[in-house]
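Trainee: Can we go through this one together? I'd like to start with how helix packing is described.
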Amino acid sequence: MAEQLSLWDLVGEEGAGGACSPDGMEPLRPAGATPDASSEGAVAPDGTVSSRGAGRTRAAAGLVPDTVTASGERRLAQGSEPVCGYVSVVVDVPSRALSDPFAYAVPASFDEEAVPGAIVLVSFHRRMVAGYVVMRASELAELPGAAGLAPERVLPVRSVLAERAFGPVSAQLAFWMSREYVASVAECLRLFLPPKATPRVRKLEDGSYEVERPKTKEVHERWVTLTDEGRGYRPAVNAHRQRQLMEALSCGPVTTRELNFLYSSMSATIRTLEKKGIVAIEERRAWRGVSSEEHRLSSARAQVPESLTEGQRAALAAIERARKAEAGDVVVIDGVTGSGKTEVYLSAIEPVLAAGKSACVLVPEISLTAQTVGRFRSRFGDAVAVFHSRLSDGERLDQWDMVRSGAARVVVGARSALFCPYRELGIIIIDEEHEQSYKQGSSPRYHARDVAAEMARRYGCPLVLGSATPSSEALERCRRGAHRGQAWTRVEMPERPGGAVLPRIVVADLRREFSGGSRSIFSRPLHDALMGIVERREKAVLLHNRRGFAPFLMCRECGCVPTCKHCSTALTYHERTHTLECHTCGSVYRVRPYPAPGSRCPQCGSPYLAKMGLGTQQVEDALRQLLPSDVAVIRMDADSTRGKDGHARLLEEFDAAECAVLLGTQMIAKGLDFPEVTLVGVINADYALKMPDFRASVRAYDLLEQVAGRAGRGERPGEVIIQTYLPHDPVIRAVASHDRSVFLSHDLAMRLDAQYPPYVRLVNVVCRGRSEERTRSFANRFATEVRRVLKLRAPASAGRGSGLVVGGLPVVLGPASCVIERAKDRYRFHFLVKAPLDYDVSSAIAEALARVGEERGISISVDVDPYDLM
């Protein structure tokens, strides 16, 4: 019998200890790394050995060598089946140390199935795991980096679990994301899998293995169609049921479910006519999640305009040039709110579909989906698929399959829609590109804008970024004219179509309101404007970006503020349920604040536990007291939209009302288009201005500018009333004057002075653990190792930087406690790395992480280009 070899035997052998990198994919580790980091094996948490290096191929643990027949045919040792090729497989094991592919042999029985993109079952370190095929070759030496690896040391693929789920471009993109965002390749590849299709291998009691199959199944429908002979068939006079069936089929095929719904059970009649050859029954795949419900909104229709504005024509011309260049160029549409960016998107997609390609459209909020999908389906029909988190598992699977089969060639959805199985991608559109929701909060912590840019470059298709408030990063890249080899062009759209004008902005100084004796939530200007809405029977939108009834409770006697037992955050009071809720971990506590009987301070027992601050629930109560009962008050926040169709239901209610006020958090501030809205009010504009984050001011500006744009989109002029204690803040002045430069010049000067994006790259490294001391100690060691790696790389990097970072090299700040020091029972410490724009900071972090290793009980998140430093 052949000798059994373990992975330990392969470490250090020539050509048998590294990882293969498929053709066209960037190396996973930087060239020129120190010897101990690139050639020595390190034990991963699961006991496997990671050999960190580029350009070398690893074999899997517990290998069984092949045998060779007399005719020279290579066969597997455990059977007589010949080997027909070799594949590079990324094993689905949760460890950053195992991101590199491993080589496996392909038995002849899997010749047609074991192709790049397939999910396979392989033996790894004496256990069965799932893996993703990223490359295949007829000879082992043809796999990049596999030269010198003996074929007899390579294990076979045990089974093919699923057919091809992704293509070569997706695999290349996953390797790029792994390197860019310091994540494992397996995590990145999972993004391209069908919904709920991540393979799970389970070991049974008898030692065998089984694969858990997805519980979500396909749905099929039976369609009834008239045959050629049946078109001339005339039922007997007394054959009432047959006449009904023939009448229903006269306009085309109908499903049996629809027939049974219209005429009760038609099964017997259908069987009778089928036997006569009058009708035929065909089973077809049904698509869940495809319906006409999105068209209920009056604004969810996209009529072709008689003419385009000058800005729209300029934007379409720039997009067409980028499409013909086939270089993945980026076009940034800088258009004021209501300037017709959606029409530009629709018009830009038409030539793409005519060329037989697909389109991807990303929107930042679920609340925008119904309106956006309705507009796209009104133009392109049912060839539009939709992806967002409120779909059921079955609906997501069917929408995914619609894209894969080609039944849908336009996809509208959140950031996950970027990873659908497009047949041939022709254009990517990101609406409201400045939005933070495009940043993924868990590993891999990618930004949809940057992944889309890389995807556009690889597909050779244009990327269109639209916003009334483009991000600082997008504006800076447009100013430079290029980024990472792609051209970035900015097109302005300063006018609204049809003669509509921007709304009038009124700043209500709350300091004067208070000194004048007013204690109302609504200032005098906002109160009078709301009364005017009631009188004219119009509609209004009110923004207050704090959900719940009160942001916190506080004891009037001892000053105690109840905080979450699991997080270092104050609890928000919800009046409807009489609960204190943690908006960090979701914990809920029962409470009775003053003056309710039973109100008690948890610290001193005083009954004076008072509600402090404003939440949307409290504003809703005040509105209902202020306005007549025939005015609909609709609250839209995370609490009121928890149901599956919560967003669409509330928007439809607002749309159908004669006179209404839509009150909500930031989800109502963007994308919504209701021509009847003539008033927008901001209850308190100061909440976001003083947050401890360098992006706080720009977020506040984006939010105020976006919500202001909801007013006056129809024939009637709009008015915006902003209540604030800081009327002279640059953000407030910029919004009031419709002049972005008032704020932008101040903000960019602050960022340049403090060395923040877009002038440098930023990495936020967060360490979490239950033990405060161990977590702090590990964060210190990790930061020290990052400084050491950066210092070792300094000679090769000197002079390459932009000069904005000290010496043109990266700097490390921290570690320190996060703003929210404890969340979900875990202490959080972080440090920041600032680096020049052209510095490969991701590989430096990855090398330091490999050197410091992992510690049990402590999790590490590496956030490259972070949007949240809290």
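Mentor: Keep in mind that this is a predicted model. For helix packing, axes are lines fitted to C-alpha atoms over the stretch in contact, and angles run from 0 to 180 degrees between N-to-C directions.

Trainee: OK, so at what angle do H18 and H19 pack?

Mentor: Helix H18 (residues 696–708) and helix H19 (residues 730–737) pack at about 25 degrees, and their axes are 10 Å apart. H18 is therefore roughly parallel to H19, since angles under 35 degrees count as roughly parallel. The crossing of H18 and H19 is right-handed.

Trainee: Which residues meet there?

Mentor: From H18, Ser697, Ala700, Tyr701, Leu704 and Glu705; from H19, Val731, Ile732, Ala734 and Val735. The residues of this contact divide into seven nonpolar, one polar and one charged.

Trainee: Switching topic. Where is Ile845, and is it buried or exposed?

Mentor: Ile845 lies in helix H22 (residues 841–852). Its relative accessible area is 1%, so Ile845 is buried, the limit being under 20%.

Trainee: What does Ile845 touch, leaving out residues up to four places away in sequence?

Mentor: Val182, Val763, Phe782, Val786, Val833 and Val862.

Trainee: How many disulfides?

Mentor: Zero, taking a disulfide as a pair of cysteine sulfur atoms within 2.5 Å. Cys601 is in no disulfide, because its nearest cysteine sulfur, that of Cys558, is 3.7 Å away.

Trainee: Are Cys601 and Cys478 buried or exposed?

Mentor: Cys601 is buried at a relative accessible area of 5%, and Cys478 is buried at 14%.

Methods
Residues are numbered from 1 along each chain as its sequence is written. This is a predicted model: local features need pLDDT of at least 70, side-chain atom pairs count only at pLDDT 80 or more; totals for chains, interfaces and linings use all residues. Side-chain values use heavy atoms; hydrogens and water are left out. Helices (H or I, at least four residues) and strands (E, at least two) are DSSP runs, numbered from the N terminus. Buried means under 20% relative accessible area, exposed over 50%, partly exposed in between (1.4 Å probe, protein chains only). Contact means heavy atoms within 4.5 Å. Angles under 35 degrees count as roughly parallel, over 145 as roughly antiparallel, 65 to 115 as roughly perpendicular and the rest as oblique. A crossing is left-handed if the near helix is turned anticlockwise from the far one by less than a right angle, and right-handed if clockwise. Ala, Val, Leu, Ile, Met, Phe, Trp, Tyr, Cys and Pro count as nonpolar, Asp, Glu, Lys and Arg as charged, and the others, Gly among them, as polar.
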